[in-house]
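Take a look at the structure first, then read on.

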Amino acid sequence: MELKGKTAIITGAGRGIGEGIALAVARAGANVVVNDMNFENAQGVVKTIESGGGKALAFKADVTKKAEIDAMVAATVAKFGTVDILVNNAGIESSPMLLKDIPEKQWDRVLGVNLKGVFLCCQAVIPVMMNHNKGRIININSLAGRRMTFFGSADYTASKHGGVGLTLHLAWELAESHITVNAICPGATLTPLAEAGTTPEYREMVTKRLVPLGRWCTPDDIGGAVIYFASDNADMVTGQLLDVDGGVMTGYGEDLRPIVRKRMEELRAKAG
Ligand SMILES: NC(=O)c1ccc[n+]([C@@H]2O[C@H](COP(=O)([O-])OP(=O)(O)OC[C@H]3O[C@@H](n4cnc5c(N)ncnc54)[C@H](O)[C@@H]3O)[C@@H](O)[C@H]2O)c1
């Protein structure tokens, strides 16, 4: 129970990756605030945690609204006494389109949730963490923050690159308060968001082309990385980006294997 007695806020935790993180963090012994705009989903996750013997609170708040986020942090402190861990997971992706066609409203919304939301949640928890001279901020970024998205549009890519900048800058700024700030960059992860926007054929093609380890990530894979950053094992780790992507960032997927192996055999045969 690496996180026994700690309190974590997970944003956008009503489903998908956030739900997986909330369940993993609860299994590790932490009290969990399950934030989501969809209150019913958040309540469902809380029920699951409580039925496993954990402690949790569902809180409806839009990460783009300062007053709602401040209220969430106040409610967390009132119920559990403090905030030790913030996981900025809430995020949205627009449908794929060329930059010339992106409506201004869509740009504002994607940047609002994925970047301003991280800013507002950090701003709300930092004073609480500073009181204890310790804290963990973990940003769920994306391979889109390392390269680009192959699901959505440039607005998403830009928002996630902004998230990388915020992670690095904050890691430096908060180091003297012993608050670490790290980011996890998931590769393609099977969640309702990803499932709704793709076909099984598309997903298989992506795996073959891009994922050397040969499958999509699960929310549990991301939860495991969150536990590491939140645990005492990561006391000296800050300003880091951890790709949890099955090897996508090596740049070579399964498709390349038969080609490379065939060439090796040919060269070996030639050499005798
Ligand atoms: N699924 C993937 O393949 C993938 C890959 C890389 C990164 N990510 C990132 O992981 C995070 C979670 O993605 P997911 O696939 O689980 O998405 P999802 O749509 O399945 O879940 C996102 C949750 O966030 C909530 N949410 C959305 N806007 C919110 C807001 N303004 N305030 C509070 N809650 C809000 C939604 O209600 C939803 O429950 C996102 O930041 C996403 O960019 C996902």
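## Helix H4

This is a predicted model. Start with helix H4, residues 104–132. How far apart are its end C-alpha atoms? At 1.5 Å a residue, its 29 residues should span 42 Å. The end C-alpha atoms are 41 Å apart, which agrees.

H4 also has a kink. The kink is about 45° and is centred on Gly 112. Just after H4 comes Asn 133, with a positive phi of about 55°.

## H3 against H4

Helix H3 covers residues 66–80. Its axis and that of H4 come within 9 Å. They cross at roughly 35°, and the crossing is right-handed.

Which residues make the contact? From H3 come Lys 66, Ile 69, Asp 70, Val 73 and Val 77. From H4 come Leu 120, Cys 121, Gln 123, Ala 124, Val 125 and Val 128. By type, the contact residues divide into 8 nonpolar, 1 polar and 2 charged.

## The sheet

Now turn to the strands. The model holds an open sheet of 7 strands, with parallel pairing. Their order is E3-E2-E1-E4-E5-E6-E7. Which strands lie at the edges? They are E3 (56–60) and E7 (241–244), and each pairs on one side only. Neighbouring strands of the sheet are turned by 20° against each other on average, direction ignored.

Helix H2, residues 39–51, packs on this sheet. H2 touches strand E2 (31–36) and E3. The direction of H2 makes about 175° with that of E3.

Look next at the pairing of E4 and E5. Strand E4 spans residues 85–88 and strand E5 spans residues 135–140. The two run parallel, joined by 4 bridges. Val 87 stands opposite Ile 138 in E5.

## The loop at Gly 239

Where does Gly 239 lie? It sits in the loop between helix H8 (219–230) and E7. Which residues does Gly 239 contact, leaving aside its neighbours within four places in sequence? They are Leu 168, Ala 171, Val 181 and Asn 182.

Gly 239 can also be set against Gly 253. The two are 14 residues apart in sequence. In space they are 28 Å apart, C-alpha to C-alpha.

Terms used: Residues are numbered from 1 along each chain as its sequence is written. This is a predicted model: local features need pLDDT of at least 70, side-chain atom pairs count only at pLDDT 80 or more; totals for chains, interfaces and linings use all residues. Side-chain values use heavy atoms; hydrogens and water are left out. Two strands pair if DSSP finds at least two bridges between them. Axes are lines fitted to C-alpha atoms, for helices over the stretch in contact, and angles run from 0 to 180 degrees between N-to-C directions. Contact means heavy atoms within 4.5 Å. The expected span of a helix is 1.5 Å times one less than its number of residues. The bend at a residue is the angle between axes fitted to the seven residues ending there and the seven starting there. A crossing is left-handed if the near helix is turned anticlockwise from the far one by less than a right angle, and right-handed if clockwise. Ala, Val, Leu, Ile, Met, Phe, Trp, Tyr, Cys and Pro count as nonpolar, Asp, Glu, Lys and Arg as charged, and the others, Gly among them, as polar.
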